[in-house]
Amino acid sequence: MGLTAEDWGAIRLTLELASLSTILLLLIGTPIAWWLARSRSWWRRPVAAVVALPLVLPPTVIGFYLLVTMGPNGPLGQLTQALGLGLLPFTFPGLVIGSVIYSMPFVIQPVQNAFQAIGDRPLEVAATLRASPLDTFFTVVLPLARPGYLTAAVLGFAHTVGEFGVVLMLGGNIANRTRVVSIQIYNHVEALEYTQAHWLAGILVVFAFLVLLTLYSLGNRGQVWR
Amino acid sequence: MKPIIKLSLAFALIAAAVGARADEVQVAVAANFTAPMKEIAEAFAKATNHKVVAAFGSTGKFYSQIQNGAPFEVLLAADAETPAKLEKEGSAVAGSRFTYAIGKLVLWSAKPDFVDQKGKVLKQGKFEHLSIANPKLAPYGAAGVEAMKKLEVFGALEPKLVQADNIAQAFQFVQSGNAELGFIALSQVYKEGKVADGSAWIVPAKLYSPILQDAVILAKGKDKPAAIALLDFLKGEKARAIITSYGYGL
């Protein structure tokens with residue numbers, strides 16, 4: 001196959017980044033989605049809007065703000081330096097943070113929709129059977145929300161694989177650390193290495209098609225996202 | 001008004017608009033030349049009434065864009081090879097090439113006293129990130145790599161390199177403090193005869209091959225008065241004064 005060691009490195013890195021970001025997003029996203037689905041607070045609206053922001057904002061905006069806040073003069077940068085962690089731009093953890101923000105709505109919204117679709121009834125029944133709220137969540141809510149979680153995981157993963165602008169602004173193009181597939185393709189195209197660009201780009205097209213095919217096979221009972 | 005008159009009026013307006021646009025010249029400008037180009041464009045507009053519409057980026061990117069039909073009429077490259085290659089391939093007007101500036105490489109940090117006058121900081125290596133423009137695409141990036149190799153520090157520093165898409169981003173990485181230092185173009189930090197802020201080491205010319213920056217009229221700018229006027233203007237007194245004020249050689 002026409003892939004170099006650097007290309008394989010980029011593929012591995014991309015898969016690591018997408019997996020880690022998706023797992024983190026499912027963990028962080030669940031309580032947020034639950035609150036958004038169940039709360040009657042007025043704050044639900046602004047929080048939902050913030051969650052959806054990455055859908056609308058160009059990745060350059062996210063990349064720019066992250067670079068500034070994670071830089072040595074930014075609040076996050078000062079925090080990580082005070083904790084002895086150094087600075088996050090140009091590092092893999094920095095990219096993970098960027099991806100979590102960038103892919104957030106793609107994970108939270110399907111989970112939130114799934115929670116809302118459950119409604120009050122199963123929760124009330126569980127409560128009359130003396131299930132604790134936590135018990136109810138794990139034995140009733142999670143199984144019922146399974147399709148939502150699948151959609152969320154697939155979308156979060158795929159969207160992170162497709163990330164480009166944020167990484168371009170934040171990554172520094174370092175082999176095996178921040179040079180993901182989309183950046184590697186960009187490098188190949190810029191250097192007029194069209195053959196290698198074709199290989200990687202072709203792989204991504206097939207990957208994206210398979211992901212969407214899976215998604216539509218899963219979600220033919222309802223809409224995939226709002 | 002009769003419809004036919006309305007229509008011809010509309011056409012006349014469009015023709016007038018197109019006519020006014022003919023005085024524009026689309027220029028692809030190497031990122032390191034951004035600041036001087038803005039000043040030159042202003043002086044050029046005053047002197048000739050032609051308007052410069054500039055795009056700033058890496059020379060390598062412009063090369064592939066021009067090959068693929070980008071609408072640029074003039075290229076101000078960061079090297080001599082790209083214009084020569086374009087001329088050979090027939091994408092540039094033969095005989096229009098000339099060196100408009102000689103670039104100088106500088107090792108720069110936003111922090112005062114971080115970079116010493118002899119560049120020892122490279123050997124000590126007490127930093128996390130050294131920013132550089134992608135050496136495959138940007139001549140200043142290639143010059144930086146060449147200088148590090150001559151100083152025999154490239155092997156040690158390679159893991160610390162962060163590659164920017166072009167020299168403007170390389171500068172931005174350093175200026176925002178995310179990289180402690182970086183190889184950039186002197187023109188990016190040079191104002192009124194000195195390095196404006198931070199600390200810098202102007203890399204001695206013997207450590208890298210001269211960065212001859214050539215300009216050329218592209219096939220799309222052939223016989224366009226505004227394109228020819230811009231190249232003439234670049235050769236003139238006024239433009240040369242601006243170019244040297246940013247630390248370029250000539």
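About 950 Å² is buried between domain 1 of chain B and domain 2 of chain B, and carbon and sulfur atoms give 63% of that. Buried area here is the accessible area (1.4 Å probe) that two parts lose on being put together, summed over both. This is a predicted model, where local features need pLDDT of at least 70 and side-chain atom pairs count only at pLDDT 80 or more, while totals for chains, interfaces and linings use all residues. Residues are numbered from 1 along each chain as its sequence is written, chains are lettered from A and ligands numbered from 1 in the order in which they are written, and side-chain values use heavy atoms, with hydrogens and water left out.

**View 1. Where the two domains of chain B touch.** Domain 1 covers 3–102 + 211–245 and domain 2 covers 105–202, with bounds that come from an automatic or database domain assignment. Taken over C-alpha atoms, the domain centres sit 29 Å apart. Domain 1 of chain B brings 12 residues to the contact and domain 2 of chain B brings 13; contact means heavy atoms within 4.5 Å. On the domain 1 side, look for Asn32(B), Ser58(B) and Ile211(B), which lose the most area to domain 2 and together make up 45% of what that side buries.

**View 2. The Lys61(B)–Asp165(B) salt bridge.** One salt bridge is counted between domain 1 and domain 2 of chain B. A salt bridge is a side-chain nitrogen of Lys or Arg within 4 Å of a carboxyl oxygen of Asp or Glu. Here the N to O distance is 3.1 Å. Lys61(B) sits in helix H3 of chain B, and Asp165(B) is 104 residues away, in the loop between strand E7 (161–164) and helix H8 (167–175) of chain B. Helices (H or I, at least four residues) and strands (E, at least two) are DSSP runs, numbered from the N terminus. Both partners are buried, as relative accessible area under 20% counts as buried, over 50% as exposed, and in between as partly exposed (1.4 Å probe, protein chains only).

**View 3. Chain A against chain B.** This contact takes 22 residues from chain A and 23 from chain B. About 1600 Å² is buried, with carbon and sulfur atoms giving 51%. On chain A, the trio to spot is Phe90(A), Glu190(A) and Leu192(A), which supply 33% of the area that chain A buries against chain B, more than any other three residues. One salt bridge is counted between the chains: Lys136(B) pairs with Glu193(A) at 3.0 Å, N to O. Helix H10 (181–190) of chain A is one of the elements giving two or more residues to the chain A side, and H10(A) has the largest share of that side, with three residues.

View 4. Arg12(A) and Glu16(A) form a salt bridge, their closest N and O atoms 3.3 Å apart.

**View 5. Glu87(B) meets Arg97(B).** This salt bridge has an N to O distance of 2.8 Å. Glu87(B) lies in helix H4 (residues 81–88) of chain B and Arg97(B) in the loop between H4 and strand E4 (98–103), so the pair ties together parts 10 residues apart in sequence. Glu87(B) is partly exposed, with a relative accessible area of 21%; Arg97(B) is partly exposed at 35%.
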